[in-house]
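Hi everyone, thanks for making time.

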Amino acid sequence: MSQRSEGHVGWGLVGTGRHADQYVAPAIQSATGAYLAAVCGTDTTRTEAFAHRHGVAAAYTSLERMLDDASVTHVFVCSPNDLHEEHVRLCAQRGRAVLCEKPLAHTPESAARMVEVCRSHGIPLGVGYHLRHNRAHVRAREAIAAGAVGEVLSVEVQYVHRTGTAPAAPLPAWRRDPGRVGGGQFAGTGTHAADLAGWLVADTLASVYATQYRHATDDGGEHIVQTVVGRLAGGVLVSLSAGRMPHALNAVTVTGTKGVVRLTGSVGNRGGGRMEILRPDSTTTVEVVEHDVYREQIEAFERAVRLGYRPSADGVDGLNGVNVAVAVERSLQNGAEVVVGELATAGKE
């Protein structure tokens, strides 16, 4: 079982689903200076089994009880999206630094309240945009900022779950309910793609126009891909693709006046990949070895809390992501361009 060590940060994990099981719990347990002190789920048997599987000393079915555990100083919220606000609020009120999985909430209003409650209690709020922690993406961002491609003209990101000849494992019931997910299909890989596009060039999406393709499979599943074109606040053109389909490259291309940065093998749940800087007179290739982006996310958040600076992706970034996802859904409904964050009047005369 996990034991608290001097100088180690004790994490509590809310949620025992597939993502928490495959990525978050192992990342916390392997992170330098951290350990998983407690887990919280809704089902006693499942939560205790999760705790045993990951070597965790304490298992709870009440977040309030987990927050009574003095060994828990940081919390990773990995519960269904419509429960994020309640769980983050409780953590903030109990003085726990909180890292919340994306999307931050199922509505922009809920996300805004989460940002405010953490601000009012002086609690750091981080958001799980793990692609920011791929070293290949960090290298690309640094190269772009240093002028490697000149003035940026466009950014393209594809993040599609590859399903082979059939859809991936069935989504949990709550994920099939748009009212609980928030922002529809784009709230999945799409918000990661939108966040990465803006983060690479230090900007945010300002407007979107969306379309989608859906195809029912013989086994009752569905392939779906959404394509979004838009502009960042500074005018850079953006193209995003997200969803689930049999084959996808999952790549990033940043085009500028002096060249192109191209990333392959970097978009997904594992770190690493290839970065190429293509210019008329030269090609530079950097191979980044595979690494655990979730572990690096955990370590980066803990450093930010300890040193008192802004998390790599904070609540405002999370709110922006929810606004983008809802804007995409609105554009699909209206067949028109939507201004991000101005949804009340989008598409109206």
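Which residues touch the most other members in the largest nonpolar core? Keep in mind as we look that this is a predicted model. The core has 43 residues, and the ones that touch the most other members are F186, L200, L240, V254 and V261. If you wonder where its largest share comes from, that is α8, with 6 residues.

Let's stay with V254 for a moment. Leaving aside residues up to four places away in sequence, V254 touches I144, V149, V152, S154, V155, L200, V201, G259, V260 and V261.

Now for some backbone details. Please find the loop between β5 (97-100) and α5 (108-120), where P103 sits. The peptide bond joining K102 to P103 is cis, with omega at about -15°.

You will find A202 in the loop between α8 (189-200) and β8 (205-216), while N250 belongs to the loop between β10 (237-245) and β11 (251-256).

Are these two buried or exposed? A202 is exposed, because its relative accessible area is 60% and the cut-off is over 50%. N250 is at 4%, under the 20% limit, so N250 counts as buried.

Methods: Residues numbered from 1 in each chain as written. Predicted model: local features only at pLDDT ≥ 70, side-chain atom pairs only at ≥ 80, totals over all residues. Heavy atoms only, no water. Helix = DSSP H or I, 4+ residues; strand = E, 2+ residues; numbered from the N terminus. Buried < 20%, exposed > 50% of the residue type's maximum accessible area, 1.4 Å probe, protein only. Core = buried A, V, L, I, M, F, W, Y, C linked by side-chain atoms within 4.5 Å. Contact = heavy atoms within 4.5 Å.
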